[in-house]
Amino acid sequence: MPTQRLVQLYRLMARIRAFENAAEIASQGGVAAWGLAAAGKPALVRGPLHLSTGQEAVAAGVCSNLMREDLLTSTHRGHGHTLAKGADSTKMMCELFGRATGYNKGKGGSMHIADFSVGMLGANGVVAAGMPIATGAAHALKIRKLPNIVACFFGDGAANRGPFLESLNWAQVYRLPVLFVCEDNRISATTPTGPMTAGEGVSARAAALGIASVRLDGNDVEAVDEAARQLVAEVRGGGGPRFLHAVTYRFKGHVSVDPGSYRDPCEVEAALEFDPLLVARRKWIADGNAGAVLDQIDSDARAEIDAALAVAEAAPWPEAGAAYEDIADTGAGVWK
Amino acid sequence: MSAAATSMTYAQAACLALAEAMRADAAIIALGEDLGRGGVFGQYRGLPQEFGAQRIIDTPISEANIMGAAVGMALAGLKPVVEMRVIDFALCAMDEIVNQAAKNRYMFGGQGRVALIARMPIGIWSASAAQHSQSLEAWFAHMPGLTVVTPATPQDNYGLLKSSLASGDPIIYMEHKELWGVEGMVTPGLAVPLGRANCLREGSDLTLVTWSRGVTPALEAAASMAAAGIAVEVIDLRTLWPWDREAVFASAARTGRLLVVHEAVQVAGFGAEIAASAAENLGCKVARLGAPRIPVGYAQVLENESRLSAAKIEASARALLR
């Protein structure tokens with residue numbers, strides 16, 4: 001892999017990691033200066049926060065192969081996908097802080113983070129709910145004869161919901177330009193997915209519908225990037241849907257307030273050895289490159305997110321009256 | 001543009017409205033089960049031939065994906081008309097309707113709008129029993145982000161569908177299955193605005209508000225009472241959200257009595273909202289008539305317990321006048 005490509009992928013992962021770390025601290029009552037929790041101060045991020053810490057390689061590897069006009073649907077764990085699709089970290093942080101200057105004007109928060117202007121059609125609070133939306137968006141792209149595709153991110157838990165089957169079948173029946181990406185962190189909320197899932201796993205379910213799938217190590221950003229490049233090209237070429245099964249690991253609990261104590265600490269410790277940023281760094285060093293380059297990227301990423309935190313903390317709250325805006329206004333409008 | 005009025009059925013009127021809109025706007029498509037053969041009630045007859053399989057999309061039996069895909073289509077530049085076949089099947093797509101379509105515009109801060117029409121035929125029809133006979137309009141009227149439309153006549157089915165297709169936000173469009181074959185005069189080009197009731201009969205003694213399949217027995221009851229010297233004003237609400245409070249309040253303020261009649265179960269039905277609003281704002285006497293809180297039965301004698309009739313409506317009206 002050309003060094004420039006790995007640097008680009010690493011930078012994206014580092015930015016996601018910095019964003020997740022900052023958001024986590026802000027949700028725990030911390031302040032803009034990282035890690036300095038202010039006792040008694042209300043949390044700057046007051047809602048549920050589903051962190052993708054540890055899963056950055058999937059977002060970075062897939063989205064680095066998308067065009068700006070391509071579309072994307074995400075999950076409740078969607079910060080990484082959103083950043084990787086090209087959203088602005090400051091507007092994202094403002095949304096997490098519930099400010100009027102956030103992407104959703106403070107109406108959505110972390111769980112509904114979205115930037116339609118870069119084709120990111122939204123994180124979603126309902127497992128598997130993005131899948132039918134993604135197939136429909138892909139259907140529209142095909143009907144409108146546009147050259148774009150849809151990347152549909154979902155987790156391993158989604159494979160046990162009905163819309164998983166309905167959307168895969170639909171995409172294959174109509175040969176739609178959609179890349180299904182199962183970001184398999186091996187845990188459904190707080191319960192291991194394996195014992196809850198019959199058969200040979202999600203890729204086998206895709207294969208049963210005739211959808212070609214690739215299963216790989218989702219913590220190896222180079223592997224994800226290479227597979228995604230091939231799959232995206234096939235989807236864009238009119239080959240119908242493809243399926244990427246990326247096995248990864250969620251470093252944090254299900255939601256920000258969840259310490260994840262139901263997991264074996266040894267399992268978590270072992271998984272940290274395969275931190276996608278660490279994996280990429282090892283590769284970089286093994287190829288004879290200087291670690292200082294990545295150190296600089298890490299510090300640039302932190303500076304970017306520090307600035308985003310500062311802007312978000314100073315940003316205005318929505319006016320109460322905004323609660324009555326952006327509702328379907330057909331006919332007589334909204335009655336208070 | 002406005003052509004001469006023509007006699008046609010309620011189903012044909014909807015078909016005409018959709019065909020005209022599809023000719024004018026390439027972004028309008030329809031999707032649902034059995035649309036390839038013109039829809040289970042013939043309400044898409046001829047459209048597959050005229051517009052082809054890319055715009056009249058025959059789908060798998062996948063209600064969740066039908067509705068969810070429509071949301072995605074709307075976000076990607078189309079205006080989908082979703083056919084749910086019967087409202088009972090729309091229950092398989094409630095997340096997609098309630099959490100996705102209805103919430104999208106608001107929760108993403110106005111970044112997008114979901115212009116879709118979800119057609120969900122309602123009502124008792126052809127001895128179809130508990131799972132094919134429901135009227136669930138109150139469920140959707142309860143939900144911020146949804147407009148709820150319930151046409152009662154061929155002209156209104158034509159005109160309200162036309163207005164719905166121009167709305168730009170999610171519309172729950174409820175045609176009554178027992179009305180498909182009803183004939184009436186339709187003036188093409190005549191749109192019926194959303195949110196405006198239609199006063200079908202004037203009267204000074206009592207205001208009777210109803211919609212959909214309730215209109216016919218309500219008019220029968222009003223005619224019967226007129227013979228006894230009781231003047232009943234009959235209002236077809238046509239749109240349940242937003243509902244025409246001005247028209248209803250103006251009438252009820254004059255008559256001092258309001259009876260709301262619907263085929264849906266009376267308990268927590270939309271009639272309760274109208275009656276309570278009138279009582280709060282006008283202090284008038286109110287009453288409701290809906291179905292008892294039982295599933296719709298199969299045998300005629302059981303089904304009748306859930307059906308409206310002119311006699312039941314007249315009894316309720318007379319009780320309110322006492």
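This is a predicted model: local features need pLDDT of at least 70, side-chain atom pairs count only at pLDDT 80 or more; totals for chains, interfaces and linings use all residues.
Residues are numbered from 1 along each chain as its sequence is written, with chains lettered from A and ligands numbered from 1 in the order in which they are written.

Let's start with chain A. Its open sheet has five strands in the order S1-S2-S3-S7-S6, with parallel pairing. A quick word on terms: helices (H or I, at least four residues) and strands (E, at least two) are DSSP runs, numbered from the N terminus, and two strands pair if DSSP finds at least two bridges between them. At the edges you'll find strand S1 (71-73) and strand S6 (213-217) of chain A, each pairing on one side only. On average, neighbouring strands here are turned by 20 degrees against each other, direction ignored; for such angles, axes are lines fitted to C-alpha atoms (for helices over the stretch in contact), and values run from 0 to 180 degrees between N-to-C directions. Zoom in on strand S2 (residues 150-155) and strand S3 (residues 178-184) of chain A, and you have a parallel pair joined by six bridges. In that pair, Val150(A) sits opposite Val178(A).

Helix H5 (residues 130-143) of chain A lies across S1, S2 and S3 of chain A and runs at about 170 degrees to S2(A). Helix H8 (residues 221-236) of chain A touches S3, S6 and strand S7 (242-247) of chain A, its direction making about 170 degrees with that of S7(A). Contact here means that the C-beta atoms of two residues, placed from the backbone, lie within 7 Å.

Now over to chain B. Its open sheet has seven strands in the order S3-S2-S4-S5-S7-S6-S12, and the pairing is mixed. Strand S3 (56-58) and strand S12 (239-241) of chain B each have a single partner strand, so one side of each is left without a neighbour in the sheet. Strand S2 (residues 28-32) of chain B pairs in parallel with S3(B) through three bridges, and Ala30(B) stands opposite Ile56(B) there. S2(B) also pairs in parallel with S4(B), over five bridges, where Ile28(B) has Lys79(B) as its bridge partner.

Buried means 20 or more other C-beta atoms within 10 Å of a residue's own, exposed means 12 or fewer, and partly exposed is in between, with C-beta atoms placed from the backbone. In a regular strand the side chains alternate between the two faces of the sheet. Here, Lys79(B), Val81(B) and Glu83(B) point one way, while Pro80(B) and Val82(B) point the other. H3(B) lies across S2, S4 and S5 of chain B, at about 170 degrees to S4(B).

How do the parts of chain B meet? The domain assignment, which is automatic or from a database, gives domain 1 (6-186) and domain 2 (198-321). Their centres, taken over C-alpha atoms, are separated by 26 Å, and 25 residues of domain 1 are in contact with 22 of domain 2.

The chains meet too, with 39 residues of chain B in contact with 37 of chain A. On the chain B side, the elements giving two or more residues are helix H3 (63-75), helix H5 (94-101) and helix H6 (104-107). H3(B) gives the largest share, nine residues. In H5(B), the buried residues are Asp95(B), Glu96(B), Ile97(B), Gln100(B) and Ala101(B), and their cover includes H5 of chain A.

Finally, the largest nonpolar core has 198 residues, and those with the most contacts inside it are Ala137(A) and Ala118(B). Such a core is a set of buried Ala, Val, Leu, Ile, Met, Phe, Trp, Tyr and Cys residues joined through C-beta atoms within 7 Å. Helix H1 (residues 3-27) of chain A gives the most to this core, 13 residues. Both domains of chain B give residues to the core, so it lies between them. As for Ala118(B), its contacts include Met67(B), Val82(B) and Tyr173(B).

Key
Lists of a residue's contacts leave out its neighbours within four places in sequence.
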